[in-house]
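Thanks for sending this one over.

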Amino acid sequence: MNSPLWSLVVTRFRESLRYPETIFWTFLFPALLAGALGIAFRGEAGVPSVAVVAAGPGAERVVAALASDNAVRVESLPRPEAEHRLRTGRATILVVPGSPLVYRYDPTRPESRLARERIDRAIQRAAGRNDPMETRDDPVTEPGGRYIDFLVPGLLGMNLMGGGLWGIGWVVVEMRIRKLLKLQLTTPMPRRDFLLSHVLVRLAFIPLEIVPLLLIARLLFGVATAGSLFALTFIAVVGAISFAGLGTLVASRATTTTTISGLINLCTFPMIVLSGVFFSTSRFPDAVQPAIRALPLTALNDALRAVMVDGASVVSQGPELLVLVLWGAASFVVALRIFRWS
Amino acid sequence: MGAVSENPGIPDPAVSVRGLVKRYGDVAAVDGLDLEVRPGECFGLLGPNGAGKTTTIEILVGLLAPTAGEVRVLGREWGEDDRSLRSRLGVSLQETRFPERLTVAEVVGLFRSFHPRGRDPRSVIAEVGLTEKAGTWTSRLSGGQRQRLALACALVGDPELLVLDEPTTGLDPQARLAFGDTILSYRDRGRTILLTTHYMEEAQRLCDRVAIIDRGKAIAVGTHAELIASLDGATVVEVALARGDLPDEAVRALPGVRAVRRENGAILVSATEAHVAVPGLLDLARERAAELAHLTLRQATLEDVYVSLTGRHLRDE
């Protein structure tokens, strides 16, 4: 007869694959997200700036000057409508002809600043400016430096986090609500095996969580892994175990699905924003950087990114791995102490 | 239906509980309960919801620690070697919902794996009558089939003591009969069963002995026959009147009558000897110019025992 541990792992794994939702959230969703974001942010250089010119005297000359630049899309509109376009973000800049010529734009929007530079250059040249120094652009698109290259490791990290928290947190609480934990406790099943089985199921899910995403990123965008596959796998395993700990911790007391989904969202949302999934953590002030770096998802994302983009080795990611191990160990220790079986 | 044959030399009880108390704050869910379940019998805890049956069961199977009292299960106390004691128990609890997308065979197989020794899951599934459903997800089972699955999970470790909390709640009468047969065949193999129920017909049909539980105490224990005999009026005469009335005192004064109570407009007369009490009743009705709508004689039930002990009905909820 099978051991309790093996049966728990096999049964749990089999059961979760019978839910189409699992398949969607684990494999399809991250891949779709990578595809969509990779296309949307394929680089500002390739996207033309959208400008509106307020109709009036001199507008035609401005439009003609800008139309010659194929990095700019331009349209002349009556002033109120042009202002409306700018306000609603459908135009990045509004040019008001006259003397002086006025640029209206939001300087906090990078694409507006870019549009201002492009448009000013085109208008100045049309007005007869001669650049004293001859220059030439030599554009490079190096895999590794693009947004999608930044994004894919972040999505991997986010996926491993979601797997740990939902895959253990939610599932264990559901078993508690169904009074299955209680019933299993009346059998000679070792409690240790029960908790361990959830961690092992998480490990079994790792290939399913990372391979489809890596394949899509590779096929659509040519995202390659600079470092070794071993390093990537090793870090993913440590990350998955660490988040399995956190998942067990959030599951240890909750007795309703509302509580557990609240707890999981409370853990995941801040980290999705702070830990460098969609944009770099360097956007946050220096004062909070130590706190951000102490988050498990930051450590996991940084380590995955170092391996995928910079080709880093496992050893070089010691500090990040240490953060993950500490989170995992602390979570498991607390979870085991406060775990509610019935 | 039966009284247990007394063994020569009294064996150790399968379950022995003395002075059991479980308090939650100021509320005592179990309040000084004493019990003794003998090996090889089917023992029932009968009582209304909230009487403390489930708390008692959870203490017996080691899920809850008692506030006070002594509990021995199969000669052991909890906290000595719990794993080995658990391997000798088969338990089904109330309201367990199995994982929806596992099949019957997978669930029973999983529970089998928890036990170092046990039975072939297929034979257990056959025994509870689920062979045709072995490959079906538990979400597609009827209520009765789910209860039988729970029973299979309790049986698959081949336990010496089967503990079932409200195993037939929510089943239709036919399913309850079939369920009862399975439990009885298990007892007939010499195993011990402890179950709770609030169906007195079920306690009567399945249980060799019954403890009537009320407000956390066992207020009466015995075989069905013993409990009925304790009533001092083993026959109940139910009288419904179409016209007129019979005063309780006048009825109680009739020869052979032990007690009178009213229920849903009918007069329930507990009598030691029906052939004495009934003619007296008819004479009284004639004297008082009351007209009988009907008169029924029946054997007293555990419900009558419960009512006579507590003044309340089992079904009062």
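1. First, terms: two strands pair if DSSP finds at least two bridges between them. Helices (H or I, at least four residues) and strands (E, at least two) are DSSP runs, numbered from the N terminus. Strand 1 (residues 15-24) of chain B pairs with strand 2 of chain B in the antiparallel sense, over eight bridges. Leu20(B) has Leu33(B), in strand 2 of chain B, as its bridge partner.

2. This is a predicted model: local features need pLDDT of at least 70, side-chain atom pairs count only at pLDDT 80 or more, and totals for chains, interfaces and linings use all residues. Residues are numbered from 1 along each chain as its sequence is written, with chains lettered from A and ligands numbered from 1 in the order in which they are written.

3. In chain B, an open sheet of three strands runs in the order 2-1-4, with antiparallel pairing. Strand 2 (27-37) and strand 4 (68-73) of chain B are its edge strands, each pairing on one side only.

4. Helix 1 (residues 53-60) of chain B packs on that sheet and touches strand 1, strand 2 and strand 4 of chain B; contact here requires C-beta atoms, placed from the backbone, within 7 Å.

5. Which residues bring the two chains' helices together? On helix 1 of chain A the contact is made by Pro4(A), Ser7(A) and Thr11(A). On helix 3 of chain B, Glu106(B), Gly109(B), Leu110(B), Ser113(B) and Phe114(B) take part. These residues divide into three nonpolar, four polar and one charged, where Ala, Val, Leu, Ile, Met, Phe, Trp, Tyr, Cys and Pro count as nonpolar, Asp, Glu, Lys and Arg as charged, and the others, Gly among them, as polar.

Conventions. Axes fitted to C-alpha atoms, helices over the stretch in contact; angles between N-to-C directions.
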